[in-house]
Amino acid sequence: MAHPLSSTLQQLNRIILGKETQIKLALACLLARGHLLLEDLPGVGKTTLAHALAVCLGLRFQRVQFTSDLLPADLLGVSIYERDSGKFRFHHGPVFAQVLLGDEINRAPPKTQSALLEAMEERQVTVDGATHALPEPFFVIATQNPQHQIGTFPLPESQLDRFLMRIELGYPSASAERAMLTGQDRRDLIATLDATIQPDVLLAAQKSVAALHVSPALLDYVQALASATRSHPDFAYGLSPRALLGLVNAARAWAWLDNRDFVVPEDVQAVFPGVAGHRLPTRASGRPDPRSAAELLGSVAVP
Amino acid sequence: MSTLRDDLPRQPLYGSIAALFLALLPHMTQLAPWHALLILLPLGWRGLLAWQGHDLPRRWLRYGYSLLLIGVVFLQFHTLFGREGGVALLTSLLSMKLLETQHRRDARVLSLLAFFTVGAAFLVSQAFWMLAYTIGCAIAIMAQLRAWQRLDGKLDAFEYKRSAWMVLEALPIMLLLFFLFPRLSGPLWQMPDDSGSASIGLSDDMTPGSFTNLARDDSVAFRVSFNGKLPPQRDLYWRGPVLEFYDGVGWQQLGSKQDAPGDAAPELQPLGDIVRYTMTLEPHNRNWLLALDVPLPGTLPPGSHLSSRLQLLDDKAVSSRKRISLQSVLAWRTSTPAADLVNDELQLPVGGNPRARELAASWAPLSPQARVDAALAYLHNNSFVYTLDAPLLYGRNTIDDLLFSTKAGFCEHYAGAFVFLMRAAGVPARVVTGYQGGELNQDYFIVRQTDAHAWAEVWLATRGWQRVDPTAMVAPGRVTQGVARSAAGKQKLPYLVRGDSPWLSALRLRWDGAVYGWNRWVIGYDAQRQLQLLGSLGIEDFGSPRLLMWLGGCLGLFVLFYVVMHHLQSRRQRPELSQRLWLHFVAQLARHKLTQRANEGPGSFAERAARALPAHAADIQRICYLYLQARYRNRSGAELELQRRVNAFKP
């Protein structure tokens, strides 16, 4: 039995060619109610993927281009005095969408990046003492350029930790690239897309993902991975409990996308580099290195 | 290729260098400091190269340095063999080996050689702190051996912990082999003895001051434990060399007569109870065994004999710690010796000491026993002082000076003067050196160089040779309470012997007790004692089948114990049924060279296996499906089918 999101997957694979794993990971991330960070060089299709995801899922989305002079109010909204009513009225910012597409998020200064913190974790926004709930579902899909590029601010650890996954797209394969070059323009393609599912289907899918069975044997494996990151001499520190929760949820979503109602170690292995990669700063560079997370996976035995 | 690339992982390499350093250290203490540095240099060199990531030194450099080290050993010891030279050569080459160690295999060989070096450390000392040290070394080396087996090239505290456990687990087997494995009564190979090194303790002559010097040395001469009642302190005369020839200054042994073949002990008639005891002699590189005055002929330890001077002599010099069991009597009567033997004991130099001769001549009318008593009374009544601060006496009349003017001396002065007086009075007499007394610690006596003593023996026609201690006349406390409580000028004694700080002395006695126990039960456990122990187990000799039964039985018991322990341990962490079935299934596939990598999930492995064995693909897929259902979905129904399928699965 195919799950309701299989058509979404197919559609996305038509837009972004040769990136099945990354697209599945992105979808798993959203199903696990996590925020997604896409990191790669400019021009490999980050924004296209984010855009297509939002369209295919039939969600209301807003796009914010992060720049170095972007202010928190530009993101959250602002209270403006209205002469007619003689009151301040809150004008909702772009964050009040179901999908917030934060393009090049690491070009904004830390102050603006921090404005996203509450929205991402609590799914609410507090401005001028009033708390505004965000719509349901709510995702942040952010793209960022590699840190060594000019004009970027590194995301603070606390904010990195709030992204469930970080995915690198990488260059497409030669055949995929050829197909892309010969095919239609990607943006035109996105314009032709229809929503494949209704928002309530997505919510139901999220609920069933959260209810997926996780056996004690699997949790043994997850904990073995966690303790390996914590005792590993190459890492400055290990995975947080929040990261472990995210890891289990992401593995559930991956299993769900594989039409299974239980989670196996391979699910954990599939999502681990995406979930742990940006959370494990290496001692050598102080920056997270996704490759060392993948290496770690190779050294921990499946119980 | 003369350069060697260095591909060894760093952590275990540094660990190996450290372990090697520990293993070499005891041997380095035996070498000149510069020689030790020369040998240890390659260790630091190798560490530095690894640190900087350089290649290993070129071949000519390595060979050159090796030749240098060998040359130095040859120059220092004039041989490459023998105990000291051989060990120096071994340590030099071991250290050099590190400079060409570039593979794990080399490193493993190095670790095994290091074990040998650690074993050789017992040539340096057999004390029990050395055992503790070598156990530490063994743990360090074993951790290296473990680390070289690790693929990730790491070395962490866990390896050391695990190695320590391995040593602990080997302990029962070690004890079993120690106690029951047949020991050879002679050494397996002849240990070259180092008799050239200076001897400590008594010597075969006595000059004024020689015992005063000995009293300053608080090292242990021997330890004694008595079987049965302890004799009183005043009867503890440990008999050493007998000095008979007086040249006007010092007393000497008439060695040539004792060494002559056919030299036989006089007949001895015991007059008291027999005292049985065991003594552990510290090495002193002389052949005398310091038996309690006097040992019974016929009960002597093998390889020893009683000389005509009643001195117990061994065939070989005591160059290592020696343990002997003896029987002695504290009162005796000897047969009449040959006339020329007695005449030796009347020898005096021509001239000198006229006043002493005059005094002795005044006793001439008395009986021999009365002359002895008169001399002792003279020493007792004329306020002589027993002191470590005796003034030095020069010239030909030293005995006159002592007896009539300075009146202060130590045991050698009084023993010499007394024997002089006796000979001058016509009573055969001789000086006996040895030790007197000892310090009682728990159940045994410690006799130190401080307890060295000289006394006299006179020959009485009715009783033969009898002991007379003139020092006891001067200072009666010497024989009942020891030097420290009886001699003046005791600040010259070693601090701990003086007894000024009781707690320090108590601590020292406790320590000595531990050392003695170690020497008694471990170092002194030889073939003879082993036979005693085996005898109590009903084994008469090493050929007895009961010995094999005991050895095999105990070994079997240990193995059984380990198996049970292991079983209990694994039972506690026993995997659930589905996992055991899966492991069985994986083991079945291993016959087809299919092994599940540690980090490989069951699904991926099954997929790989199905591709490798298309004939069994359906079975494999089904088993994998059931396993996943049972283990990751916790469906108990799947386990039954899994069991059936796995048992039927015969690829």
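1. The area buried between chain A and chain B is about 1300 Å², with 55% of it given by carbon and sulfur atoms; buried area is the accessible area (1.4 Å probe) that two parts lose on being put together, summed over both. The model is predicted: local features need pLDDT of at least 70, side-chain atom pairs count only at pLDDT 80 or more, and totals for chains, interfaces and linings use all residues. Residues are numbered from 1 along each chain as its sequence is written, and side-chain values use heavy atoms, with hydrogens and water left out.

2. To the contact (heavy atoms within 4.5 Å), chain A brings 19 residues and chain B 15 residues.

3. The interface of chain A and chain B holds 1 salt bridge, defined as a side-chain nitrogen of Lys or Arg within 4 Å of a carboxyl oxygen of Asp or Glu. Asp261(A) and Arg633(B) form a salt bridge in which the closest N and O atoms are 2.3 Å apart. On the side of chain A that touches chain B, at least two residues each come from helix H10 (216-231), helix H12 (265-276) and helix H13 (290-299) of chain A; helices are DSSP runs (H or I, at least four residues), numbered from the N terminus. That side of chain A divides into 13 nonpolar, 4 polar and 2 charged residues, where Ala, Val, Leu, Ile, Met, Phe, Trp, Tyr, Cys and Pro count as nonpolar, Asp, Glu, Lys and Arg as charged, and the others, Gly among them, as polar.

Terms used. Chains lettered and ligands numbered in written order.
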